[in-house]
Amino acid sequence: MSHLTEREPVGVIGTGYVGLVTAAGFAELGHDVWCVDIDEAKIENLRQGRIPIWEPGLSELVERHRSRLHFSTQLSNALERARLLFVAVGTPPTYSGDADLSAVNAVVAAMPASDRHALVMKSTVPVGTGETIRRVFAEQSKGFSYVSCPEFLKEGSAVKDFLAPDRVVVGDDSDWAGDAVVELYAPLEAPLVRTDIKSAEMVKLASNAFLATKISFINEIANVCEETGADVVEVARGMGLDDRIGPKFLQAGIGFGGSCFPKDVAALKQLAGNSGYHFQLLNSVIEVNELQKRRVMAKLQKHLGTLVGKEIGLLGLAFKPNTDDMREASSLVLTARLQAAGARVRVYDPVAEQEARKLIRGVEFRSSALDVAAGADAVVLVTEWPEFAELDLGELAAAMRGDLLVDGRNFLDADRVRDAGLDYEGVGRPSRTGRGATALSAADG
Ligand code: UDX
């Protein structure tokens, strides 16, 4: 290819989170995008303008660019029109902790011989995957080029992250395909890291592992704060002002979840192990996270004693706010632990109920936070949905049978909770006893 047309058509294989956001993002930049998925029902829905995921701004973007977004189950539709085929298929974890590359391999196998096409890998894959795919292409004399272009978008702000990325990483063999991908992203004016394929693959895994490490680190600091009387929110503020540390991903809580961190941390640990290196630090990051999800139990037991027959309400279920994604959500572990301890669990999530119903059995789904609080012995804030910041805590307290609020995300103002008469337990902060109770005991005295 000597030179590029300005609005190069783009192919996207896989219409999940990453694929759909990538497709909508390139459409926003003026490109025609040919999306392919093997799921016929999903493609039919997308053709009708129905988006399968809840992601702020995505429906609007897809709607606005309907004429540029083409959906099909036929790979040939994309191959005929686009030379760059972005691969955004799932790479879920297997029982061994390795990434399941069967969907990626199926895409590779489906490619015809062509020296004018390139696969651009968006799916998160182990380091070395690009090399293997290139070898397969070479052995089969397919002539395909290959570029690694990892995706760093966060659920809940995926559209914004695509259009204003912190950086664009392009790993390639310095051929036309790498140049074409760089040109595609040029309008975003993001810092570019152009590198070899293996390094690009590692940037993605290492970035996720580092962020997960930061969270497990602050969670352990929070646990020590609980033992020593310090407040982790203050500690994180003091740490975060150091430029070298930075304030982000220092929010202590009840553990990280989602489709990426748990999977990618496990995959990097496994990758290291497979290459003969024992990645000690990541073992701890994973273990700390697992334990963190369970620490709520001790807080509940401290106040309520046995949980047998106790009514426990959960506010939020999604792994984080602004998404309906329930994958690896802390709420899954928590509900299972509560049920095992004999508690009765009622839950509310503003958006994730439908997804949660597929994964959680034996709980009562309620339609508001107040409904969850009605008659509850304790309420646990699991996901920091913005609407929970607006709660009338007095009303909440009045509706409850008990008076304990566990704030699993340090999201609420502890003083306001206490003023409403509730006992407050955060993560890594001193417990507060409700004013009602204090006033009462003072009066008694
Ligand atoms: C993450 C990465 O941020 C993104 O770059 C990558 O492409 C995919 O994985 P995502 O899973 O959407 O994105 O969510 P993120 O906002 O990173 O949060 C992940 C988890 O960490 C959530 O469960 C969140 O509650 C938790 N978290 C995050 C904390 O517990 N504390 C923090 O300070 C930040």
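Predicted model: local features only at pLDDT ≥ 70, side-chain atom pairs only at ≥ 80, totals over all residues.
## Helix α1

Let's start with α1, which covers residues 17–28. Its twelve residues reach 16 Å from the first C-alpha to the last, close to the 16 Å expected at 1.5 Å a residue.

Ten of those twelve residues are buried, so α1 is largely enclosed by the rest of the structure. Among the buried residues are Tyr17, Leu20, Val21 and Phe26, along with Gly19 and Gly25. Just after the helix, look for Gly30, which takes a positive phi of about 100°.

Setting aside neighbours within four places in sequence, Asn223 is in contact with Gln292 and Arg295.

## The ligand and its shell

Helix α9 also matters for the next stop: it gives the most to the shell around the ligand, with three residues. Of the 18 residues around the ligand, Phe152, Leu153, Glu155, Gln251 and Lys320 come nearest. By type, the shell divides into nine nonpolar, three polar and six charged residues.

Several backbone atoms face ligand oxygens. A polar backbone atom of Glu155 is 2.7 Å from an oxygen atom of the ligand, and one of Gln251 is 2.9 Å from a ligand oxygen. For Gly257, a backbone N or O atom lies 3.0 Å from an oxygen atom of the ligand. The protein covers 92% of the 670 Å² of accessible area that the ligand has on its own.

Note on methods: Residues numbered from 1 in each chain as written. Heavy atoms only, no water. Helix = DSSP H or I, 4+ residues; strand = E, 2+ residues; numbered from the N terminus. Expected span 1.5 Å × (residues − 1). Buried < 20%, exposed > 50% of the residue type's maximum accessible area, 1.4 Å probe, protein only. Contact = heavy atoms within 4.5 Å. Near = heavy atom within 4 Å. Polar contact = N/O pair within 3.5 Å; in protein donor to acceptor, adjacent residues only side chain to side chain. Areas by Shrake-Rupley, 256 points an atom, 1.4 Å probe, with all protein chains shown as cover. Nonpolar A, V, L, I, M, F, W, Y, C, P; charged D, E, K, R; others polar.
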